[in-house]
Amino acid sequence: MKTLGIVRLLEIVALGAALALSSGCGGSGKGKTAGSSITVKGTLGSGITLASRDTGLRKVLGWFAPQRAYAAGASDVIDNVIAVDANGNYILATKSGNGFTLSLPQGRVYLVAFLSGMTTKAIYRADPNVGTTGWTALPVGSGSHDVDLGMIAFEPSALDTVATGSTDPDTLSTALGLAPGVRDAIGVWDAAMQRLANVDVDGDGVFDFQEGRRYDLTLHYEFNPNDTFAGIAGSFGDPSATTYAGYGYWLNVTAPGAHDWACATLTPPEGSSIGTGGFPQTSYNSTCGSVTNATECFYSSFGGGGMSVNFYCGSGSAPANLATSPYTPPAGTYVVTVDGATHYTFRGVTSQTIDANLNNLFIPTAKLTMSGAQVTRLDVVWWKHDPSSGSWVQVPAAELAAIVGSAGFEIADQYWDVNARVRGDLPLTPTASVNVPAQSGFTGQALRISYVDVFGYGYGVEWR
Ligand SMILES: [Ca+2]
């Protein structure tokens, strides 16, 4: 059974990586505008200087004093302003005096960060007051126009330093083409973006993206519909029956030598518990051995020769061994140690708040149409629990398109055997109906629906 459990895990990784790769055009649901760009400009305000070029000294400071990350001082010198999306696209601003200009292709969602050497001094936040978590991400769709962020100021906050602009959020929303409901939804979900400000995860003093390297630590959340495969044959389940099954971590790496890793250890933020459930309290290394083996975790479906490590401990099948407490994964600095020697550091890793009511999360319900033992059609309805009304409502189309980058389904036998499954994509509409490929040589006994948000985090629901 343990082997089967591992096979199952790898399949989840593969699907997650594939979804992450295909999510690049999901930004605002209008991602068919390759070649078009908008400009986002701004001017650094009082007490902040935009250096005309990088200095070697700052690179060294950033390298050896990582604790300075996110700590802006009264007089800051910024070397670079950078925009990054969840697919690892990095764009450096051009500089003129204290002004900067970013040229941003449409169909992507960006985080804007202000760097001193390798150190992130501040992350742009469009509106600290929107929703409960602020609004950080800049979704650039086909309906977006050029944006002037105005005069930039740095302000300390709990986890990082926030960069705000003098341009008000309403003006910004109009320029970006954001509806108010979409803006609020982004404000809830985009906490995931902050991790993307890590420009030198391997700590060698050079931007990873300029070295052809990419390290992305992402979270995935699993949910239990409390219904069975047979139970959704012919009828939808009740979204309110859904419960939280826990979370885990994926590390996706594209870098020289990555495929030679033997084992990787993920350490959570100092002083925090990574959760109970199947995980040890503070470290994975004692029980993750074969699961985090790089050879086993390599998947050719992860494009560009990259590999994925799934930090998932113990035997058995998901989601039994996910972390479940605290509900919201610890925020802060995570370190991945490879073969006990090489360290990869991810600062500012955050999650949206997860609670027992599953407030604001998007939860799919499903209905199977059967022909004998064959599943011929899958119908899906997307729901969210609205904290203001306390009830489950269908996800508005604009929110679904703005938040979900891609979604897919998998129907398999009870062991999720690689030779006994069919898969497909789900259209990103509040209700969706898809034809299911013929199940040849096996009988469907389990359904999984997975999706990846435009910020790079994954979500899954399983019926079996
Ligand atoms: Ca580097």
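Author: Let us start with a definition: a residue is buried if 20 or more other C-beta atoms lie within 10 Å of its own, exposed if 12 or fewer, and partly exposed in between, with C-beta atoms placed from the backbone. This is a predicted model, in which local features need pLDDT of at least 70 and side-chain atom pairs count only at pLDDT 80 or more, while totals for chains, interfaces and linings use all residues. Residues are numbered from 1 along each chain as its sequence is written.

Reader: Thanks! Why is A93 called buried?

Author: A93 has 23 C-beta neighbours inside 10 Å, so A93 counts as buried. You will find A93 in the loop between β5 (90-92) and β6 (94-96); strands here are DSSP runs of E with at least two residues, helices are runs of H or I with at least four, and both are numbered from the N terminus.

Reader: Which residues is A93 in contact with, leaving aside its neighbours within four places in sequence?

Author: They are V81, I82, F100, T101 and L102. Two residues are in contact if their C-beta atoms, placed from the backbone, lie within 7 Å. As for K41, 52 residues away along the chain, its C-alpha atom is separated from that of A93 by 8.6 Å.

Reader: What makes N226 buried, exposed or partly exposed?

Author: N226 has 13 other C-beta atoms within 10 Å, and therefore N226 is partly exposed. Its place is in the loop between β13 (214-224) and β14 (243-254). N226 also has a positive phi of about 55°, although N226 is not a glycine.

Reader: Why is helix α4 described as largely enclosed by the rest of the structure?

Author: Because 7 of the 10 residues of α4 (residues 180-189) are buried. They are V182, R183, A185, I186, G187, V188 and W189. These buried residues pack against β10 (138-140), α3 (169-176), α6 (397-403) and β25 (446-453).

Reader: What makes a set of residues a nonpolar core?

Author: Its members are buried Ala, Val, Leu, Ile, Met, Phe, Trp, Tyr and Cys residues joined through C-beta atoms within 7 Å. The largest such core has 108 residues, of which Y110, L111, L138 and F455 touch the most other members. Strand β8 (residues 108-116) gives this core its largest share, 7 residues. Not counting residues up to four places away in sequence, F455 touches A86, V109, A137, W189, D190, A192 and M193.
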